[in-house]
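Biologist: I would like to learn how to read the packing of a protein chain from its coordinates. Could you take me through it one feature at a time?

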Amino acid sequence: QMQLVESGGGSVQAGDSLRLSCAASGRSLENYVLGWFRQAPGKERDFVAHISWTTRSTLYAASVKGRFTISRDNAKNIVYLHMNSLKPEDTATYYCAARVTSRIDYPNWGQGTQVTISS
């Protein structure tokens with residue numbers, strides 16, 4: 001069973017930066033895709049970015065492309081979400097998720113970390 005634990009959330013001002021971390025344990029991440037999603041109050045959970053653990057290929061939502069960067073530390077089994085030029089509309093609970101490359105859905109989820117951006 002895979003465990004995902006997010007950290008790094010907080011409250012910052014617009015224009016600031018934050019780095020979220022997701023520590024994965026329980027199994028090898030080879031052939032997995034690690035993703036970040038976010039959910040604002042009263043809204044659906046939205047895709048933010050993902051990275052293939054094996055190939056390092058990445059994909060970003062249009063709303064964060066150019067401001068957010070997803071990366072991974074193979075030795076530590078951690079995936080990061082570097083968030084720059086934060087906006088109030090980035091305020092949400094951010095979730096880490098994992099799936100094998102052959103799946104479309106994400107069966108493994110972390111508990112989430114809150115990010116609040118004030119103007």
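**Reading the core and its neighbours**

Modeller: In the largest nonpolar core, which has 31 residues, Leu-34, Trp-36, Val-79, Leu-81, Met-83 and Tyr-94 touch the most other members. Two or more residues of this core come from each of β3 (18-25), β4 (32-39), β5 (46-52), β7 (68-73), β8 (78-83), β9 (92-100) and β11 (113-118). A nonpolar core here is a set of buried Ala, Val, Leu, Ile, Met, Phe, Trp, Tyr and Cys residues joined through side-chain atoms within 4.5 Å, and buried means under 20% relative accessible area, with exposed over 50% and partly exposed in between (1.4 Å probe, protein chains only). The strands are DSSP runs (E, at least two residues; helices are H or I, at least four), numbered from the N terminus. This is a predicted model, in which local features need pLDDT of at least 70 and side-chain atom pairs count only at pLDDT 80 or more, while totals for chains, interfaces and linings use all residues. Residues are numbered from 1 along each chain as its sequence is written, and side-chain values use heavy atoms, with hydrogens and water left out.

Biologist: How should I read strand pairing, and which strands does β8 run antiparallel to?

Modeller: Two strands pair if DSSP finds at least two bridges between them. β8 is joined to β3 by six bridges, in an antiparallel arrangement, and Leu-20 has Leu-81 of β8 as its bridge partner. Six bridges also join β8 to β7, again antiparallel, with His-82 of β8 as the bridge partner of Thr-69. β7 and β8 form a hairpin with four residues between them, and Asn-77 in that turn has a positive phi of about 55 degrees. Five of the six residues of β8 are buried.

Biologist: Is Arg-67 buried or exposed, and what does Arg-67 touch?

Modeller: Arg-67 counts as buried because its relative accessibility is 11%, and its place is in the loop between β6 (58-60) and β7. Contact means heavy atoms within 4.5 Å; leaving out residues up to four places away in sequence, Arg-67 touches His-82, Met-83, Asn-84, Ser-85, Leu-86, Lys-87 and Asp-90. A polar atom of the Arg-67 side chain also lies 3.0 Å from the backbone oxygen of Ser-63.

Terms used: Polar contact = N/O pair within 3.5 Å; in protein donor to acceptor, adjacent residues only side chain to side chain.
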